[in-house]
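Hi,

Here is the structure I promised to pass on. Have a look at it first, and my notes on what turned up follow below.

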Amino acid sequence: MPQATYHFPRGFLWGTATAAHQVEGNNTNNQWWQWEQTGHTNGTSGLAADWWGGRWREDFDRAAETDQNAHRLSVEWSRIQPTPDTWDEDALERYRLMLRGLRERGMTAMVTLHHFTDPLWLFEMNGWEREEVVGLFEKFVRKTVEALKEYCTLWCTINEPNVYTLSGYVMGDFPTKQRGMNLGMQVMANMLRGHAAAYRAIHQIQPEARVGYALHYRPMVAKHPRFPLDALMRKLRYDGLNMAFPSGIGTGVMKTPVGNFQVPEARGTQDYLGLNYYSVDTVSFHLGKPRELFTSSGYPEDADTSEQRFIANIPAGLFDTLKWAVRTYPDLPILITENGVNDSSDDLRRRYLAQHIHQVWRAVNFNWPVKGYFHWTLVDNFEWERGWTQRFGLWGLEVETQKRIKRPSVDLYAEICKENGLSSEMVQKYCPEVFARLFPV
Ligand code: BGC
């Protein structure tokens, strides 16, 4: 049996990613809380993982004790700016404490400034649909970065603007007051403007900052590549989901399926590319899916899928994602800002983790500038419209008692982080079923 270790470069960031609304609990002043109370989600966020009550301390301990050297978290706009004219200094102090907590544990902090939630006051005025949001977001970013800059130099302006837009304005799963593709793309254009304004503001406040955003990127294949409608649907979906925002950042013109948006100030506004990768979509034309714009997307029948077939374990897709990134932005550092799987039994997660990290190693071995990997997520959290029906945590969570349950993947990931690599022994121990694939003879 071969014995080997796939090593990573020194200084590689190993961590997990979280988002404020999904872990803090009692986030009553944003549009998601309201959406939950009106029956749009599978359960409500409630106390979540009770980070606002202080349990971030024990969870950061867990992360540090298992050799993670970085953590990506988000701050909640509605806590920091509860009304348009007030700042909550206590909330900012709480975030300073959390970031200091990371530093004390020897962990690098990455802060996301917008992760799907908007203050209710902003939502009431139609939020990102109006261009006024750009100045408002910049104001919030300035205040927050000023307050937190002592503890953070790695900033993510907006998480998955493509998912925020499409899950809301096209699919109707995320809270919006109105729907429609054109409106959705308008919102995405405003997010691009907001991102660009935030990028400049952060650099003004902190010249050494590294600023980017997190793109949800999904490689896609047509179900029947020779069937023109499948190929067309694949292209439309691919362009709409994956390419719109990056095209705006690359050229200053955001190209979307409903037309081009001129956002010249966005050109070149990223110091790294943040990539959230989960799976590869198989896309086909489907007359019965008007809500999805006549597109059906799924996974091959024999795919290694998670509960509810939500995610298919297709590790090569992560390599393809990284390949796309280096070809599109040669030399730009890359961070994998999210990657993970819903798996309450922790059966799939172990091989998903090992196989995906193996793909990252392949990329690193080509000298592609991948600088870190953030697993989604540290402890089970509130999964938006899917509520508590999906468990993405390395640690499980009993929501009622707030008890954390250690899953075997915790130890696998700890060994990877400690070794700064993936070894044959680890694979043999935690997921022998993929050994021959990862260490072929
Ligand atoms: C989001 C996370 C979410 C994860 C898993 C990503 O698209 O950024 O907030 O929890 O997917 O569903």
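A quick definition before the details: I count a charge as sitting over a ring if NZ of Lys or CZ of Arg is within 6 Å of the ring centre and within 35 degrees of the ring normal. Keep in mind that this is a predicted model.

With that rule, Arg-79 lies over the face of Trp-52, 3.9 Å from the ring centre. Arg-234 does something of the kind with Tyr-238: its charged end sits over the ring, 5.0 Å from the centre.

On to rings facing rings. I paired them when their centres lie within 6.5 Å, with planes over 60 degrees apart called edge-to-face, under 30 stacked, and the rest tilted. The count comes to 32 aromatic pairs. Take Phe-8 and Phe-12: their centres are 4.8 Å apart with 55° between the planes, so by the rule that anything from 30 to 60 is neither stacked nor edge-to-face, the pair is tilted. Both Phe-8 and Phe-12 are buried. They also belong to one aromatic cluster, together with Trp-14, Tyr-373 and Tyr-413.

What does the pair tie together? Phe-310 lies in the loop between strand S12 (295-298) and helix H11 (316-328), while Phe-392 is in the loop between strand S14 (370-375) and strand S15 (395-398), so parts that are 82 residues apart in sequence are tied together.

Now the ligand. Which residues come nearest to it? Of the 13 residues around the ligand, they are Gln-22, His-115, Glu-160, Glu-383 and Trp-384. For Glu-160, a polar side-chain atom lies 2.6 Å from an oxygen atom of the ligand. Arg-386 has a side-chain N or O atom 3.0 Å from a ligand oxygen, and for Trp-376 the corresponding distance is 3.3 Å. On its own the ligand has 310 Å² of accessible area, and the protein covers 95% of that.

Trp-376 turns up again around Asn-339, being one of the residues that Asn-339 touches. Asn-339 is in the loop between strand S13 (334-338) and helix H12 (348-365). Is it buried or exposed? Asn-339 is buried, with a relative accessible area of 0%. Its side chain reaches the backbone oxygen of Tyr-277 at 2.9 Å, and a polar contact of 3.1 Å joins it to the side chain of Tyr-352. Leaving out residues up to four places away in sequence, the residues touched by Asn-339 also include Tyr-278, His-356, Tyr-373, Phe-374 and His-375.

Last stop: Leu-397, which is found in strand S15. Leu-397 is buried, with a relative accessible area of 5%. With residues up to four places away in sequence not counted, its contacts include Ala-48, Ala-49, Val-379, Asp-380 and Trp-388. Arg-391, Gln-402, Lys-403 and Arg-404 are also among them. As for Tyr-95, it is 302 residues from Leu-397 in sequence and 23 Å away in space, C-alpha to C-alpha.

Over to you!

Key:
Residues numbered from 1 in each chain as written. Predicted model: local features only at pLDDT ≥ 70, side-chain atom pairs only at ≥ 80, totals over all residues. Heavy atoms only, no water. Phe/Tyr/Trp six-rings, centres within 6.5 Å; stacked < 30°, edge-to-face > 60°. Buried < 20%, exposed > 50% of the residue type's maximum accessible area, 1.4 Å probe, protein only. Helix = DSSP H or I, 4+ residues; strand = E, 2+ residues; numbered from the N terminus. Near = heavy atom within 4 Å. Polar contact = N/O pair within 3.5 Å; in protein donor to acceptor, adjacent residues only side chain to side chain. Areas by Shrake-Rupley, 256 points an atom, 1.4 Å probe, with all protein chains shown as cover. Contact = heavy atoms within 4.5 Å.
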